[in-house]
Structure formats: structure tokens, C-alpha cells
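I opened the file and went through it helix by helix. These are my notes, in the order I looked things up.

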Amino acid sequence: MADHHFALAWAEFERLRQLVPERADFHLANWGRWRKNDVVTVGYADHVPGLDKGIGRCVAEDASDHDYEAHDAHSAEVCDAIIDELPQMYRLAISNVYEASVWQFRTTAILEQALVDGAAMFWNEALKRDLT
């Protein structure tokens, strides 16, 4: 039964992520992994939702995994600083989806709107800080 609830929650998070522009989603997903710090990423996955293979790589194709990890960690730190400055409702919505946290929203519509608005605010600040 717990597996069923987990699968439903995971599917809902993936649905909500589709509401966020690709590059913002890419950086927020990286931030979520960095915050949870329980997943070791070696290079980039062959498939990232909404992105074709290879798009979004920040360094040369033959760069070492260490270069990828260092860049991802730096990007996540920048994202963390931006998210920390967002209004609380937007921080909670982003945390809910990208960290799979347990914040409760009265309705899915409130969560959706907070996520969309929060992601837009995040991405505007991210672009100012040279995240691409």
C-alpha cells in the first residue's frame, strides 16, 4: 500500500514539474538532489524530462565527472541562495516538488500556482546570476 502512495506522489511531482520551464526545472531538480544529498550523480543522465540527450551540458563532452559535479554543486548553491530569498509560499511549493517534502497546500490549484509563480521568480533571478 505504501508503494502505491509513493507512486502516486511521484507521478504528481512529475506532473507538476511539467508546469515549469525546461531550464528552470533542470536547475531546480539539480538543487533538489543537492539538498537531499543522498543521490550521487555521475555526469548527466541520458534523459532529463523535457530535454534531449546532451542539451544543457555546461562543459566539454570529454570533461571529467568531477567537472560536472563541481559545476552542478556551484549551480545548486546559487539556486539555494535564490530560493532562500523567495516569499515563503513559493519556497514551500518548490521544496514540495523538488525535495519531495511534506508541506500541505489546501488545494492542488494553490500548489500549482505557487509553483509556477515561484519558478518564474526563481528563473528571473537565476538569469541575473548567469545560470543558463
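**Ground rules.** I'm working on a predicted model, where local features need pLDDT of at least 70 and side-chain atom pairs count only at pLDDT 80 or more, while totals for chains, interfaces and linings use all residues. Numbering starts from 1 along each chain as its sequence is written, and side-chain values use heavy atoms, with hydrogens and water left out.

**Overall.** I counted secondary structure and got 5 helices and 0 strands. Helices here are DSSP runs of H or I with at least four residues, strands are E runs of at least two, and both are numbered from the N terminus. Along the sequence the pattern reads α-α-α-α-α. I then checked burial: 34% of the 132 residues are buried (under 20% relative accessible area; exposed is over 50%, partly exposed in between, with a 1.4 Å probe on protein chains only). For contacts (heavy atoms within 4.5 Å) with a separation of 6 or more, residues 24 or more positions apart account for 69%.

**H2.** Helix H2 covers residues 22-36. Its 15 residues should span 21 Å at 1.5 Å a residue, and the end C-alpha atoms are 21 Å apart, so that agrees. The expected span is 1.5 Å times one less than the number of residues. Just after H2, Asn37 has a positive phi of about 50 degrees.

**H2 against H4.** How do the axes of H2 and H4 cross? They come within 9 Å and cross at roughly 75 degrees. Axes are lines fitted to C-alpha atoms, for helices over the stretch in contact, and angles run from 0 to 180 degrees between N-to-C directions. H2 and H4 are therefore roughly perpendicular (65 to 115 degrees; under 35 is roughly parallel, over 145 roughly antiparallel, the rest oblique). H2 brings Asp25, Leu28, Ala29, Trp31, Gly32 and Lys36 to the contact, and H4 brings Ile94, Ser95 and Tyr98.

**H4.** Helix H4 runs over residues 88-98, and its buried residues are Tyr90, Ala93, Ile94, Ser95, Asn96, Val97 and Tyr98. Just after H4, I noted a positive phi of about 50 degrees at Ala100.

**H4 against H5.** I did the axis check again for H4 and helix H5 (residues 108-128): within 8 Å, crossing at roughly 100 degrees. That makes H4 roughly perpendicular to H5. Contact residues include Met89, Tyr90 and Val97 on H4, and Leu111, Leu115 and Phe122 on H5.

**H5.** The 21 residues of H5 reach 30 Å from first C-alpha to last, close to the 30 Å expected. Buried in H5 are Leu111, Ala114, Leu115, Gly118, Ala119, Phe122, Trp123 and Ala126. They cover an arc of only 160 degrees around the axis, which puts them on the same side of H5; the arc is that of the directions from the helix axis to the C-beta atoms. Just after H5, Asp130 has a positive phi of about 70 degrees.

**Leu131.** Is Leu131 buried or exposed? Leu131, in the segment after H5, is buried at a relative accessible area of 6%. Not counting residues up to four places away in sequence, Leu131 touches His27, Ser75, Val78, Cys79, Trp123 and Ala126.
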